[in-house]
Amino acid sequence: MLTCKKAADLLLDYLESNLGPDVQRAMQAHLDGCSTCVQFVETYKKTSELCRATLLQKVPAELGARLIDFLRQNTQPKR
Amino acid sequence: MSQPASQPASPPSLAPVSDIALFAAARDGDYGAFEEIAERYHGKVYRLVIGMTKNHVDAEEVVQETFLNVFRNLASFKGESAPGSWIYRIAVNAALMRLRSQRRKPLLSLEDRAIGAGVDVDVPFWSPSSNWARQPDDRLLSKELGAHIEAAMDKLPEKYRLVLLLRDVEGHSNEDVAHALGLTLPTVKSRLHRARLFVRHELELYFAKK
């Protein structure tokens with residue numbers, strides 16, 4: 001039977017379905033009976049989502065255009 | 001049923017060209033394919049290296065250097081890793097070179113980077129709080145919380161932050177992250193898990209004050 005600490009340690013592999021079938025079942029059984037860990041899993045997953053939502057916005061608007069100009073000036077197209 | 005005398009031409013495929021196909025075309029001299037590679041990846045590379053350089057001017061110059069090196073080394077890309085992983089490896093090395101040239105002390109690798117040194121990544125795995133994950137999106141996507149997440153990311157030692165950026169922000173597989181950063185798969189997973197726990201803990205502290 002898994003402890004909450006062990007369940008937390010296995011969480012990444014559990015969410016990616018990388019655990020062996022017995023351990024996967026043990027994890028699911030633990031989560032079925034532990035509301036604390038269910039909350040932990042939800043906040044763990046939400047953390048990744050929030051990181052993505054927050055950090056995807058930060059590219060300067062003209063970066064791509066300046067890059068293409070730079071590359072055209074500094075590379076010789078292959079013929 | 002009889003066929004019409006002439007069939008209309010089939011419309012061109014609207015499916016995007018794969019990265020592998022673009023790389024093959026670029027290696028064969030298709031400059032337009034190379035520019036498409038730069039268009040696809042410049043944002044991802046920028047988001048990766050800004051976390052290392054900490055300023056926009058250096059980050060943009062590293063992006064330029066990265067794609068210049070991609071162009072110069074196209075022939076050497078053999079397809080052992082995903083094209084994106086190869087580009088990220090070039091980007092990380094370009095950022096390290098830039099930072100090395102700005103420091104007196106030689107900088108050998110990501111492991112030497114002192115940013116985040118002294119930050120204890122190992123946080124309590126759980127602490128009682130409300131289930132903030134169930135709060136409405138307009139609260140979770142607020143500017144204030146966004147700033148808090150950025151601050152948490154900045155606190156992370158770089159070797160953890162880069163894994164989190166590539167995996168959770170850019171959506172690459174653990175295997176591709178391992179190739180991009182020159183790490184083993186277990187190391188990537190360990191760092192990813194600890195990075196997520198750290199940022200999650202920072203969010204717990206934030207919501208505990210609300």
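B:Glu202 counts as buried, at 10% relative accessibility. In this predicted model, the side chain of B:Glu202 forms a salt bridge with B:Lys155, the closest N and O atoms being 2.9 Å apart. B:Lys155 is partly exposed, with a relative accessible area of 39%.

Two further salt bridges share B:Arg98. The side chain of B:Asp58 meets that of B:Arg98 at 3.1 Å, N to O. B:Asp58 belongs to helix H3 of chain B and B:Arg98 to helix H4 (residues 83-101) of chain B, 40 residues apart. B:Asp58 is buried, with a relative accessible area of 12%, and B:Arg98 counts as partly exposed at 21%. B:Glu61 also forms a salt bridge with B:Arg98, at 2.7 Å from N to O. Because B:Glu61 lies in helix H3 of chain B and B:Arg98 in helix H4 of chain B, this pair ties together parts that are 37 residues apart in sequence. B:Glu61 counts as partly exposed, at 34% relative accessibility. Elsewhere in chain B, a network of salt bridges links B:Asp19, B:Glu36 and B:Arg40. Over all chains, the structure holds 17 salt bridges.

The fold of chain B consists of nine helices and zero strands. Of its 210 residues, 49% count as buried. Among contacts in chain B with a separation of 6 or more, 66% are between residues 24 or more positions apart.

Helix H2 of chain B contains B:Val45, which is buried with a relative accessible area of 0%. Beyond its neighbours within four places in sequence, B:Val45 is in contact with B:Val63, B:Thr66, B:Phe67, B:Ile87, B:Tyr88 and B:Ala91. The C-alpha atoms of B:Val45 and B:Leu166 are 9.6 Å apart, for a sequence separation of 121 residues. B:Thr53 is also placed in helix H2 of chain B and is buried, at 8% relative accessible area. Residues up to four places away in sequence aside, B:Thr53 touches B:Asp58, B:Ala59, B:Val62 and B:Leu99; B:Asp58 is the residue that forms a salt bridge with B:Arg98.

Two residues were examined for backbone geometry. Most residues other than glycine have a negative phi. B:Lys54, in the loop between H2 and H3 of chain B, has a positive phi near 65° and counts as partly exposed at 37% relative accessibility. In chain A, the phi of A:Ser17 is likewise positive, near 55°. A:Ser17 lies in the loop between helix H2 (11-15) and helix H3 (21-33) of chain A and counts as exposed, at 54% relative accessibility.

The contact between the chains takes 51 residues from chain B and 41 residues from chain A. The area buried between chain B and chain A is about 4300 Å², of which carbon and sulfur atoms give 66%. Four salt bridges are counted between the two chains. B:Arg167 forms a salt bridge with A:Glu16, with 2.9 Å between the closest N and O atoms. There are 14 residue pairs in polar contact between chain B and chain A, with both residues at pLDDT 80 or more. On the side of chain B that touches chain A, the elements giving two or more residues are helix H1 (19-27), helix H2 (31-53), H3, H5, helix H6 (143-155), helix H7 (158-169) and helix H9 (185-208) of chain B. The residues of this side divide into 25 nonpolar, 11 polar and 15 charged.

The predictor gives the complex an ipTM of 0.85 and a pTM of 0.78. The mean pLDDT of chain B is 82, with 80% of its residues reaching 70 or more.

Terms used: Residues are numbered from 1 along each chain as its sequence is written. Chains are lettered from A and ligands numbered from 1 in the order in which they are written. Side-chain values use heavy atoms; hydrogens and water are left out. pLDDT is the predictor's confidence in each residue, from 0 to 100. Contact means heavy atoms within 4.5 Å. Buried area is the accessible area (1.4 Å probe) that two parts lose on being put together, summed over both. A polar contact is a pair of N or O atoms within 3.5 Å; within protein, one must be able to donate a hydrogen and the other to accept it, and residues adjacent in sequence count only if both atoms are side-chain atoms. Helices (H or I, at least four residues) and strands (E, at least two) are DSSP runs, numbered from the N terminus. Ala, Val, Leu, Ile, Met, Phe, Trp, Tyr, Cys and Pro count as nonpolar, Asp, Glu, Lys and Arg as charged, and the others, Gly among them, as polar. Buried means under 20% relative accessible area, exposed over 50%, partly exposed in between (1.4 Å probe, protein chains only).
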